[in-house]
Amino acid sequence: MAANPLGAGRRVRAGLRLGSIVVVAIVLLGAVAAVVGAHYATKPPSPPTNFPAPTLEIVTGSGTPTQDENLLAVAPMLQLPAQAAQPQAMTAGSAGPVLAIARPTISVNRWIPGGFPDTPEGALGQLKALNETALASADPQVYARGYRELSEPGAPDPGSTGLAALLRSMRSRAQLPATGSVAGLTASYLVTHGQVKGAVPASHYVVVCVLGQLSIGFNGEVAAAGVGDCQAMRWSGTEWRIASGALAAAAPCAWPGSADMVKAGYRELS
């Protein structure tokens, strides 16, 4: 019987989707490397030499981005090699004391928990809640929905963020649909560390970064990488929202608990 080219093509595609854990790991870590490289492809404007201390006055911001805010947002973070995101040995070192993150006080009838206090740690807690919830499906469209729900008018487009680019790259490299649920595909993002990059107290604006373990699974095969995310946040008077203005520079990606993580300035969250 003659070979069926169409059937062979389908089998090849199925084989790619059902690849071994090695293939899944290459896909995930390759996506991380691609995102990091893309963010550093262009050099942002030179940052100010002095950032305000990471403490905030209780003042409701106007929601209009200022030059100080934009300069803080685009100031580059430490660059780490792509392999820093891979699982590696833990270190006893730290970049500073543990950051105490309050638990959300609003979760009923709400997809993304909220109700965090108007402190830098509160902004960290809100970003943690957003990312852990919105990345659970490994779907760029779902992540964009969560991002928009917590954004003020004029905030950067969710498609321009590093996490959205990572999800798009991961799905493309795995030859999966660009959006939508995929049978056998699982994901989780567990945030364990973070840092406050800086603040502009006058407008109640802060740039915070979280770091966690992103795990992608397919039919029981799981790969993980350390993935960071920085966002500019503004206190609206009642809650933290993704701020209008410039997109925050890419966060360092490092394996949580590693020496690279400490080098990048991340601190444990409790």
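Which cysteine does a disulfide join to C209? I looked this up in a predicted model, where local features need pLDDT of at least 70, side-chain atom pairs count only at pLDDT 80 or more, and totals for chains, interfaces and linings use all residues. Residues are numbered from 1 along each chain as its sequence is written, and side-chain values use heavy atoms, with hydrogens and water left out.

**Entry 1: disulfide**

I searched the whole structure and found 1 disulfide, a term that denotes a pair of cysteine sulfur atoms within 2.5 Å. The partner of C209 is C230, at an S to S distance of 2.0 Å. I noted a torsion of about 100° about the S-S bond of C209 and C230, so the disulfide is right-handed. The pair links distant parts of the chain, 21 residues apart: C209 lies in strand β2 (residues 205-218) and C230 in strand β3 (residues 221-235). Strands (E, at least two residues) and helices (H or I, at least four) are DSSP runs, numbered from the N terminus.

**Entry 2: burial**

I found both C209 and C230 buried, which here is under 20% relative accessible area, with exposed over 50% and partly exposed in between (1.4 Å probe, protein chains only). C253 is in no disulfide, and the nearest cysteine sulfur, that of C230, is 9.3 Å away. C253 has 10% relative accessibility and therefore counts as buried.

**Entry 3: nonpolar cores**

I took a nonpolar core as a set of buried Ala, Val, Leu, Ile, Met, Phe, Trp, Tyr and Cys residues joined through side-chain atoms within 4.5 Å. The largest has 46 residues, and Y143 and I216 have the most contacts inside it. A second, separate core of 20 residues includes C209, together with M77, L211 and V262.
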